Amino acid sequence: MNEFRPLVFSGVQPTGNLHLGNYLGAIRKFVALQENNDCIYCVVDLHSITAQLVHDDLPGQIRSIAAAFVASGIDPEKHIVFNQSAVPQHAELAWIFNCVARIGWMNRMTQFKDKAGKDRENASLGLLAYPSLMAADILVYRATHVPVGDDQKQHLELTRDIAQKFNIDFMEHIRARGYGVDIVVGEEPIHAYFPPVEPLIGGPAPRVMSLRDGTKKMSKSDPSDLSRINLLDDPETIAKKIRKAKTDPDALPSEAEGLKGRPEAENLVGIYAALADRTKDQVLAEFGGQQFSVFKPALIDLAVEVLSPITGEMRRLMDDTAHIDSILRNGGERARARAEKTMREVREIIGFLQ
């Protein structure tokens, strides 16, 4: 092999209801990427127990993510859709990466600090170590590209650090066994087994904020259901939430520059722009000078038009659990075959008998 074969990997946690922010920020990108890439999309159920160990309906949550993938347009025949726990090689490589990574690297992860809060001593070891599992998720397939948001950039940098340390530590073993690719990191030539993973940013990512507070991200964990539009919301619920969305008394500006200091207005205009696949300036060219009493009904119509087909297909798929389970089972078998090839070579590189 003279170069790493391009491959896109990404995953979504099965925790709570998927919402508009998940769709616009991640799933819609996944759909676009599959047109020109080999893609693996994973429901990362092992990650779901790092912060909350016991779930009331984890199987249902796993199926809902898979249903959202397929309903949004991901093709599970051409690409791979599966749940992470069905491929034990993720956990096996994560343990190896726990031994590659340094404790100092993990302590610097800002998401751990945010999620653990002040009571860090009482946080689970899984919460501290889960970036190693994330690195394993990607590298067990030797994926080359990962679509990421701002909150995951640090973890992707860690994935690159883990890959680089493994490649350097085992470089002679990799070369001796006939694996790997000659690459240059900085100015240093390396014979690498794992690729230096690249982020896929892909244009301005819509940052979807809470409908109740434009300074906070739309979140599954927000106690107020009015703060988010869930992918399973019906048209009446979507309309109610947008009508109740927090705004300010001023008319919409004619240019995006005029949205500065108006977080709720900027959020609603951004949602409209993302759903319509337009820029904020293009939206404001149409609605500038109008009050929210005019803009909100237009946003309701657009949101219902875009989301209703996805919602309907999600509901249909979730009612047919045998079909969803067969998609996940088939994807798991195909993912395991790829992951086991990597792990056989990794075991050989390290020196484990098999």
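Which helix does L125 lie in? In this predicted model, L125 belongs to helix α6, which covers residues 125-139.

Is L125 buried or exposed? The cut-off for exposed is over 50% relative accessibility, and L125 comes in at 66%, so it counts as exposed.

## Helix α13

Helix α13 takes in residues 321-350, 30 residues in all. At 1.5 Å a residue you'd expect a span of 44 Å, and the C-alpha atoms at its ends sit 41 Å apart, which agrees. Just past α13 comes G351, with a positive phi of about 115 degrees.

## Helix α3 and what covers it

Now for α3, residues 89-100. Its 12 residues reach 16 Å from the first C-alpha to the last, close to the expected 16 Å.

Its buried residues are Q89, H90, L93, A94, I96, F97 and V100. Looking down the axis of α3, these fall within an arc of 165 degrees, so they line one face of the helix. In an α-helix there are 3.6 residues a turn, so residues three or four places apart point the same way. The cover over the buried residues of α3 includes strands β1 (8-12) and β3 (80-83), along with helices α4 (103-107), α6, α7 (153-169) and α13.

## The cavity

There's one cavity of 30 Å³ or more in the structure, and the largest cavity holds about 30 Å³ of space. Its lining is made up of S210, L211, G214, A245, K246, E264, N267 and L268. Sorted by type, that's three nonpolar, three polar and two charged residues.

Definitions and conventions. Residues are numbered from 1 along each chain as its sequence is written. This is a predicted model: local features need pLDDT of at least 70, side-chain atom pairs count only at pLDDT 80 or more; totals for chains, interfaces and linings use all residues. Side-chain values use heavy atoms; hydrogens and water are left out. On a 1 Å grid over the protein atoms alone, a cavity is a set of points where a 1.4 Å probe fits but cannot get out, and a pocket is an open set with protein on both sides within 12 Å along at least five of seven lines; lining residues have an atom within 4 Å of a point. Grid points are joined across faces, edges and corners, and a volume is the space filled by probe spheres set on the points. Ala, Val, Leu, Ile, Met, Phe, Trp, Tyr, Cys and Pro count as nonpolar, Asp, Glu, Lys and Arg as charged, and the others, Gly among them, as polar. Helices (H or I, at least four residues) and strands (E, at least two) are DSSP runs, numbered from the N terminus. The expected span of a helix is 1.5 Å times one less than its number of residues. Buried means under 20% relative accessible area, exposed over 50%, partly exposed in between (1.4 Å probe, protein chains only). The arc is that of the directions from the helix axis to the C-beta atoms. Contact means heavy atoms within 4.5 Å.
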